[in-house]
Amino acid sequence: MLPQTVLTKKVVFASDWLEGCAGCHMSFLDMDERLVELVQMGLEITASPITDLKEPAPGTDLGVIEGAVATDHQLAVAKMFRERCKILVAIGDCAVFGGINTMRNWIPLPELLERGYITTESTVEGKIPQGPGIGKHLPRCMALNEVVKVDFYIPGCPPPADAIYRVLVDVLEGKTPVLDGELLKYE
Ligand code: SF4
């Protein structure tokens with residue numbers, strides 16, 4: 001069930017992407033004119049990669065995270081969203097179960113970084129990026145629910161815009177989101 005506090009007309013929304021390709025947010029934008037409809041229904045889009053504000057305010061109703069958790073920075077963002085959002089949704093296969101990013105879990109990290117940044121055939125005088133602004137890799141890349149509690153899942157790579165729309169409408173109407181039929185895909 002949705003927390004009672006969310007059953008208000010306005011739903012304050014925030015989103016972010018972690019270890020992903022931005023495709024899930026592209027699917028979000030694919031709702032096209034229905035985004036206007038959602039805003040008219042009460043969705044207030046605050047922080048997101050597609051707005052100026054990047055961090056959700058405490059007490060945000062609905063947080064949506066794309067991407068897996070692979071670095072200390074991403075872990076901090078996931079925890080901040082969980083702390084500040086009443087409902088947390090994992091969107092896309094990367095957030096739902098780690099997705100393609102978890103292929104790196106079978107390769108020791110130093111070997112992986114060396115291959116990616118130094119010994120790749122197309123690389124000349126490569127070096128592994130590091131510095132205060134660059135997140136440090138965690139030993140494993142993880143699904144969102146391995147690090148924080150997740151309330152709802154929208155699987156798919158990316159999930160269809162129709163599935164995202166259904167979930168947002170359900171939340172705006174105070175219902176527990178349910179995806180079925182064509183809207184529930186793992187591809
Ligand atoms: S689930 Fe697919 S579309 Fe979404 S971030 Fe991952 S790879 Fe990209």
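This report covers surface patches, salt bridges, cysteines and backbone features of one predicted model.

The model is predicted, so local features need pLDDT of at least 70 and side-chain atom pairs count only at pLDDT 80 or more, while totals for chains, interfaces and linings use all residues. Residues are numbered from 1 along each chain as its sequence is written, and side-chain values use heavy atoms, with hydrogens and water left out.

**Salt bridges**

A salt bridge here is a side-chain nitrogen of Lys or Arg within 4 Å of a carboxyl oxygen of Asp or Glu. The whole structure holds 10 of them. The table lists some.

| Pair | N to O distance |
|---|---|
| D162 and R34 | 2.9 Å |
| R84 and E55 | 3.7 Å |
| D151 and K149 | 2.6 Å |

D162 and R34 bridge at 2.9 Å. This pair links distant parts of the chain, with D162 in helix α6 and R34 in helix α2, 128 residues apart. Helices (H or I, at least four residues) and strands (E, at least two) are DSSP runs, numbered from the N terminus. D162 is partly exposed at 40% relative accessible area. R34 is also partly exposed, at 21%. On this scale, buried means under 20% relative accessible area, exposed over 50%, and partly exposed in between (1.4 Å probe, protein chains only).

R84 and E55 meet at 3.7 Å. This pair, too, links distant parts of the chain: R84 sits in helix α3 (residues 72-84) and E55 in the loop between β2 (43-45) and β3 (60-66), 29 residues apart. R84 is partly exposed at 24%. E55 is partly exposed at 45%.

Bridges with shared partners join R82, K149 and D151 into one network. D151 is partly exposed at 22%, whereas K149 is exposed at 56%.

**Surface patches**

Patches use residues with over 30% relative accessible area and no salt bridge; like charges are joined within 9 Å, and nonpolar side chains (Val, Leu, Ile, Met, Phe, Trp, Tyr) within 5 Å. Areas come from the Shrake-Rupley method with a 1.4 Å probe, and for residues only the protein chains shown count as cover.

W17, M26, L29 and I50 make a nonpolar patch of about 330 Å². M26 belongs to helix α1 and is partly exposed at 42%.

D30, D32, E33 and E37 form a negative patch. Asp and Glu count as negative, Lys and Arg as positive; His and the chain ends are not counted. A charge is placed at NZ of Lys, CZ of Arg, CG of Asp or CD of Glu.

**Backbone features**

D32 lies in the loop between α1 (23-29) and α2 (34-41). Its phi is near 50 degrees, a positive value in a residue other than glycine. D32 is partly exposed at 46%. E125 is not a glycine either, and has a positive phi of about 50 degrees. E125 lies in the loop between α5 (109-119) and β6 (137-142) and is exposed at 79%.

A cis peptide bond joins C157 and P158, with omega about -10 degrees. P158 is in the loop between β7 (152-154) and α6 (161-172). C157 is exposed at 52%. G92 and C157 are 65 residues apart in sequence, yet 5.6 Å apart in space, C-alpha to C-alpha. G92 occupies the loop between β5 (85-91) and α4 (93-97) and is buried at 0%.

**Cysteines**

A disulfide is counted as a pair of cysteine sulfur atoms within 2.5 Å. The count is zero disulfides. C24 is buried at 11%, whereas C157 is exposed at 52%.
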